[in-house]
Amino acid sequence: PSRKMGLVIQAESHKNELAGIYEMEYDPDTLEYYDQPGPIQLIYPSKNGRSVTVRHTPDFFVLRSQSMGWEEWKTEAELIKLSEQQPHRYVRGVDETWSCPPGEAYAQPFGFFYRIRSSAEIDWVFQRNLRFMEDYLRDDCPEVNPSIVTAVIKLVQEQPGLNLTALRAQVEGVEPDSLYRLIVTDQIYCDLRAIPLTEPDRVKVYL
């Protein structure tokens with residue numbers, strides 16, 4: 001159930017496509033995203049050199065602030081295997097990223113992109129933190145007492161980089177739930193890609 005889209009977005013894989021959904025759901029640059037868009041046509045040489053034409057349904061169509069296009073999410077192991085079977089469709093670059101030349105050729109006349117996304121790109125610390133924080137984004141999550149908000153912000157301003165454990169110890173009456181709510185509502189900040197929130201003594205907090 002996507003808050004951004006106002007409908008349910010489907011994923012075929014919990015450890016790959018669903019991770020992509022979480023990235024897009026909480027990426028401010030991603031405006032909209034749709035699963036299983038209409039099929040597109042790919043034309044490319046087969047392994048033996050014969051021309052192949054296939055109708056292909058990408059995993060997502062994505063609208064970002066400066067671009068739009070199709071994304072296909074696959075595991076790294078799957079991409080390696082596919083590149084051996086279909087070397088002109090799945091191409092690994094010198095920088096270890098993947099591309100799909102026939103997909104890019106189809107998208108180019110529209111000014112769109114076509115991207116292959118690999119499971120190797122997934123930041124699992126970020127994924128873990130996003131899922132941990134979801135309950136604090138719910139509409140029925142209680143707001144934090146204003147006096148607690150004021151005390152927390154004052155302390156973080158005075159001691160930037162204080163960890164969550166120390167912050168809680170120094171503000172009377174503050175509960176972990178209150179701190180997580182302040183993070184998701186952008187009243188205090190921590191780098192969700194750096195440390196799991198389940199390790200509060202290592203999570204540094206800033207305004």
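Select Glu121 first. Glu121 is partly exposed, with a relative accessible area of 42%. Here buried means under 20% relative accessible area, exposed over 50% and partly exposed in between, using a 1.4 Å probe and protein chains only. The model is predicted, so local features need pLDDT of at least 70 and side-chain atom pairs pLDDT 80 or more, while totals for chains, interfaces and linings use all residues. Residues are numbered from 1 along each chain as its sequence is written, and side-chain values use heavy atoms, without hydrogens and water.

**Stop 1**

A salt bridge here is a side-chain nitrogen of Lys or Arg within 4 Å of a carboxyl oxygen of Asp or Glu. Arg117 counts as buried, at 19% relative accessibility.

**Stop 2: helix H2**

Select residues 76-85, helix H2. Helices (H or I, at least four residues) and strands (E, at least two) are DSSP runs, numbered from the N terminus. Which residues of H2 are buried? They are Glu76, Leu79, Leu82 and Ser83. Look down the axis of H2: the buried residues fall within an arc of 120°, so they line one face of the helix. That arc is taken from the directions from the helix axis to the C-beta atoms. Turn to the other side of H2, where Ala77 and Lys81 are exposed.

Next, show what covers the buried residues of H2. The cover includes strands S5 (68-74), S6 (91-92), S7 (98-99) and S8 (113-118).

Glu76 lies in helix H2 and Arg92 in strand S6, so the pair ties together parts that are 16 residues apart in sequence. Glu76 is buried at 16% relative accessibility. Arg92 is partly exposed at 38%.

**Stop 3**

The whole structure holds 14 salt bridges. Select one of them, Glu23 with Arg193, at 3.4 Å from N to O. Glu23 sits in helix H1 and Arg193 in the loop between H7 and strand S10 (204-205), 170 residues apart. Glu23 counts as buried, at 19% relative accessibility. Arg193 counts as partly exposed, at 39%.

**Stop 4**

Go to the largest pocket, which holds about 490 Å³ of space. Of its 17 lining residues, the closest to the centre are Tyr26, Phe126, Leu130, Asp186 and Leu192. On a 1 Å grid over the protein atoms alone, a pocket is an open set of points where a 1.4 Å probe fits, with protein on both sides within 12 Å along at least five of seven lines; lining residues have an atom within 4 Å of a point. Grid points are joined across faces, edges and corners, and a volume is the space filled by probe spheres set on the points.

Which element gives the largest share of this lining? Helix H4 does, with three residues. The lining divides into twelve nonpolar, no polar and five charged residues. Nonpolar covers Ala, Val, Leu, Ile, Met, Phe, Trp, Tyr, Cys and Pro; charged covers Asp, Glu, Lys and Arg; the others, Gly among them, are polar.

Finish at the second largest pocket, about 350 Å³ in volume. It is lined by 14 residues, with Pro1, Ser2, Tyr22, Tyr26 and Glu134 nearest its centre. Helix H1 (residues 17-25) gives the largest share, four residues. Here the lining has eight nonpolar, one polar and five charged residues.

Definitions and conventions: Contact = heavy atoms within 4.5 Å.
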